[in-house]
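Welcome! Have a look at the structure, then try each task before reading on.

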Amino acid sequence: AARLGQTDVPLLTPVLAAVAPARGGGRGGPENYTDIPPGPLRLRHLSEFFPHPDRIVALDMTARGLRDWLERAASLFVRLAPGQRDAPLIDPDVPAFTFDVVPGLAYEIDLSAPARFNACGGIANPGASRIGLLRSNGRVLMPEDRLVLVTSSHRAGGGGGFPVPRGAVLAEASGADLRDVMRAHLASAGHVAPRAGPGWSFRPLPGTTALFDSAASALAPDAAIEPLGPAAGGFHR
C-alpha cells in the first residue's frame, strides 16, 4: 500500500485529477475566457489557469463518489428533451467554474435526464443520474472501486458545493500553491504538448440541437458545433 497522510491506499489505486475552467464567460463577458496563444508560456499565463492561491489536495473516494462529483459538475447543463431544437444548453445560474472534468476518464453525460444537483450544489433530484459508466484506462470502474482524486483546496473545502466524503482528505500540499507547482513543472519539462485521450461526451440525442454562447475567437471547425453569428453582449452563438 502507498501511504498518503494517515491513510493507506492500495498501490494500484487510480490517481485522477479534477479540473475546471477558471474563466468561462458568463457575467464576466466575452473576454472572460482562457485564451493563450501558441508560443512561450509566460508567468502571467499561469493566472489564466489558477487565478486563486489554491493548493493541491488528494481525496480518497470510491468510483460511486466520483460519479456524484461529476453529477454535480453536470448541473451546468439544461435538461433537453429528445428531438428538441435550439434549446439553451447552459444554465445561466450555474457558474462555469463548477464544471469539473477528469482528464483521461471516459464517460457520457445524458442531458435527457434532470440534474441531480441545483445551482448551489443542493440535491434537487435525488434519484437522477446523468453520468454513465466511468472508464479509466479502458476499464470500467465499479461503484466501490477506490481511487485518489486530486483537486484544489477550494473544492476540498466545499467550494462549488461538491460532495466531499467525510474524512476523504489524504494529503494537502503546504506552502506552494497551484501556480507555484505548475511553474516548477513547466521549468523542469521545458516543453509541454497537450495529450489527446479519453474524455467526456454527451450521450447522443438524435434530432436534438442546443445553443450556447462563447467568444468569437473560439470559432474552430467542428462537425458537432455550428457557428450562428454574433449574440448579445459581444458573445458569439
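A residue is called buried when its relative accessible area is under 20%, exposed when over 50%, and partly exposed in between. Keep in mind that this is a predicted model.

**Exercise 1. Is F99 buried or exposed, going by its relative accessible area?**

Step 1: The relative accessible area of F99 is 11%.
Step 2: The limit for buried is under 20%, so F99 is buried.

**Exercise 2. Find out how many aromatic pairs the structure holds, then describe the pair formed by F77 and F202.**

Step 1: There are seven aromatic pairs in the structure.
Step 2: In one of them, F77 and F202 sit 5.1 Å apart, centre to centre, with 85 degrees between their planes, an edge-to-face arrangement.
Step 3: This pair joins distant parts of the chain, since F77 is in the loop between α2 and β5 while F202 belongs to strand β11, 125 residues apart.
Step 4: With 6% relative accessibility, F77 is buried, whereas F202, at 33%, is partly exposed.

**Exercise 3. Work out what kind of pair F99 and W200 form, and which cluster the ring pairs build.**

Step 1: The ring centres of F99 and W200 are 5.3 Å apart and the planes stand at 85 degrees.
Step 2: Planes over 60 degrees apart count as edge-to-face, so that is the label for F99 and W200.
Step 3: F99 lies in the loop between β5 and β6 and W200 in strand β11, 101 residues apart, so this pair too links distant parts of the chain.
Step 4: W200 is partly exposed, at 32% relative accessible area.

**Exercise 4. Explain why helix α2 is largely enclosed by the rest of the structure.**

Step 1: Helix α2 covers residues 63-73, and eight of its eleven residues are buried, so the rest of the structure largely encloses the helix.
Step 2: The buried ones are A63, G65, L66, W69, L70, E71, R72 and A73.
Step 3: Their packing partners are β3, β4, β6, β9 and α3.
Step 4: R72 also lies over the face of F162, 5.8 Å from the ring centre.

Key: Residues numbered from 1 in each chain as written. Predicted model: local features only at pLDDT ≥ 70, side-chain atom pairs only at ≥ 80, totals over all residues. Heavy atoms only, no water. Buried < 20%, exposed > 50% of the residue type's maximum accessible area, 1.4 Å probe, protein only. Helix = DSSP H or I, 4+ residues; strand = E, 2+ residues; numbered from the N terminus. Contact = heavy atoms within 4.5 Å. Phe/Tyr/Trp six-rings, centres within 6.5 Å; stacked < 30°, edge-to-face > 60°. Lys NZ or Arg CZ within 6 Å of the ring centre and 35° of its normal.
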